[in-house]
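Hi everyone, thanks for coming.

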Amino acid sequence: MSHSPAPAPFRDIALAHAVRLLEEAGALDDAGEMTLAHARKNTEQERILERARLLGARLGLLADWQRLRGALWLAAGLTVLLAYGLAGGLLARALGNGQTINAALAFVAVLGVPLLTLVVWLLWALGAALFSKGAAPWSLGQFMLGLAARLPWLHGPHSMNLLRGVHAVLRDNRLGLWLFGAITHALWALAFSLMLVTLLVLFSFQAYQLTWETTILDTRFFERFLEITGWLPKALGFTVPDSVAVNGAANAVNGSSPPSLSIALWLLASTLLYGLLPRLLALAVCGAMWFRRSGRLRLDTRDPYFRQLAARFSAMAPATVVDEEHAAPREPGRLFRQPAPGQPVPRVLIGFELPVEMAWPPAELAALAEQTHAISGTMTERLQLLTGLASAPPAKALIVCSAAASPDRGAERFLRQVCAEVAGCALLPLASKDPSQDKPERWADWLATTELKAVSCCTTSEEAQKWLEAPHGG
């Protein structure tokens, strides 16, 4: 039974994606890292991540990661100031210094933008839950991460690749909503804490005339507004102006003294209950989801790039004994890749270690194949073939070998690697110039003893043509 790979650290998966982005411009010289990763680790995922760590240390990615972590703290401070400015800027402008202030306008100035962004996030989170999407809307968290990667004095040569690697991990594991949400809610919570302190200081040491003044609205509008916004503070024991105070405050411009104390306490309670508290609750939810899911991070080895690396590591595996008496047991599992429903299955013709004098490719077989390859035995040829098969839709592969040759451990390893990347495979031991040396039955017997029974063994070119022409699965 196959087992799922063990969870992996977030940083290591992000490094693997960053290295992938670097290699889009050209393959890296990684022979030493491949050898060390293969020797140190045992599983496919662990080896790919170890290679990324080793390359990251050599290329400076690890240093840039540390630099990015430091930049995040500075970016967080700048983002808090932005959030504080969004929520408190209008308030500071409205409060001024000792002037008459509309209490409803102050309420909107403090809570309008934060409540709007919170509603947008909640709707997005609901949509993500219903449609199984993990993408996040634009938020202060995304702004902070992007700012950290772009700060001039803390910007490393690979910062942007690391940033894109982080986004790739979040996308593959559907974590962007929760991570950016946690950062955003934490920043807003800190901003509201600063805002509460600011309001307390201003209301404590300056005199404000808090009113409900208006030119076109009547007092019933403010009474209804106060009834809705004051319900929760009043239920929790906070002081809220009553209807008489509202009417009195609305007439303050006519010379009466407004009840500014009760209105100020209502504004402080609203900032706490409608601003800070929802952000703390949302932060707790996002934090819980992040810690729950981040402990189960895995590399998406279905990606063609990582499949290519897995094929390279597989090719470095030591040879196994394949004779019938000492054949090593193989973990049961699916031999071939499964094509998507309705997906066309191309045909590939592969010549494996054929004698120089044997004509290649056979015309009657090449006419049926979309691709032909000749493998003489070098590692570079094998890797190029496996990479092409891994990055393309699953194909039917016909492997042509010499009937005079004998199957060995190298042939078995190559056949298994090809089978892992194709939808179906067949073997054709082709007759050589000296028929007395041909023993095609050896290949059929060998397939049966190496648990490769799913690989068809064609005895003639005509049989191989029929296999190629037959629809996959037919």
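Let's start at glutamate 353, which is partly exposed, with a relative accessible area of 37%. The cut-offs here are under 20% relative accessible area for buried, over 50% for exposed, and partly exposed in between, using a 1.4 Å probe and protein chains only. Glutamate 353 sits in the loop between β3 and α14. Its phi is near 50°, a positive value in a residue other than glycine.

Before we go on, some housekeeping. This is a predicted model, so local features need pLDDT of at least 70 and side-chain atom pairs count only at pLDDT 80 or more, while totals for chains, interfaces and linings use all residues. Residues are numbered from 1 along each chain as its sequence is written, and side-chain values use heavy atoms, with hydrogens and water left out. When I say helix or strand, I mean a DSSP run, numbered from the N terminus: H or I with at least four residues for helices, E with at least two for strands.

Back to that loop between β3 and α14 (363-366), where we also find proline 361. The peptide bond from tryptophan 360 to proline 361 is cis, with omega near -5°. And where else can you see a positive phi in a residue other than glycine? Go to arginine 174, where phi is near 50°. Arginine 174 is in the loop between α7 and α8, and at 34% relative accessibility it counts as partly exposed.

β3 covers residues 347-352, and 5 of its 6 residues are buried, so the strand is largely enclosed by the rest of the structure. What does β3 pair with? Two strands pair if DSSP finds at least two bridges between them. β3 and β4 pair in the parallel sense over 5 bridges, and 5 bridges also join β3 to β5, again running parallel. Towards β5, arginine 347 stands opposite lysine 396.

Zooming out, 5 strands form an open sheet in the order β4-β3-β5-β6-β7, with parallel pairing. The edge strands, β4 (371-375) and β7 (456-457), each pair on one side only.

Is serine 402 buried or exposed? At 5% relative accessibility, it counts as buried. Leaving aside neighbours within four places in sequence, serine 402 is in contact (heavy atoms within 4.5 Å) with Leu354, Pro355, Met358, Leu430, Ser432 and Trp443.

Picture a 1 Å grid over the protein atoms alone: a cavity is a set of points where a 1.4 Å probe fits but cannot get out, a pocket is an open set with protein on both sides within 12 Å along at least five of seven lines, and lining residues have an atom within 4 Å of a point. Grid points are joined across faces, edges and corners, and a volume is the space filled by probe spheres set on the points.

How many cavities of 30 Å³ or more does a search of the whole structure find? The search finds 1, and the largest cavity has a volume of about 50 Å³. Its lining includes Phe352, Ile399 and Trp443. α16 gives the most to that lining, with 3 residues.

The second largest pocket has a volume of about 820 Å³. It is lined by 22 residues, of which Leu72, Met144, Leu179, Ile183 and Trp290 lie nearest its centre. The elements giving two or more residues to this lining are α4 (61-95), α6 (140-150), α8 (176-205) and α12 (260-294).

Last stop, phenylalanine 10. Not counting residues up to four places away in sequence, phenylalanine 10 touches Trp65, Val166, Val169, Leu170, Trp290 and Leu297.

And the whole picture? The protein has 18 helices and 7 strands, and of its 474 residues, 45% count as buried.
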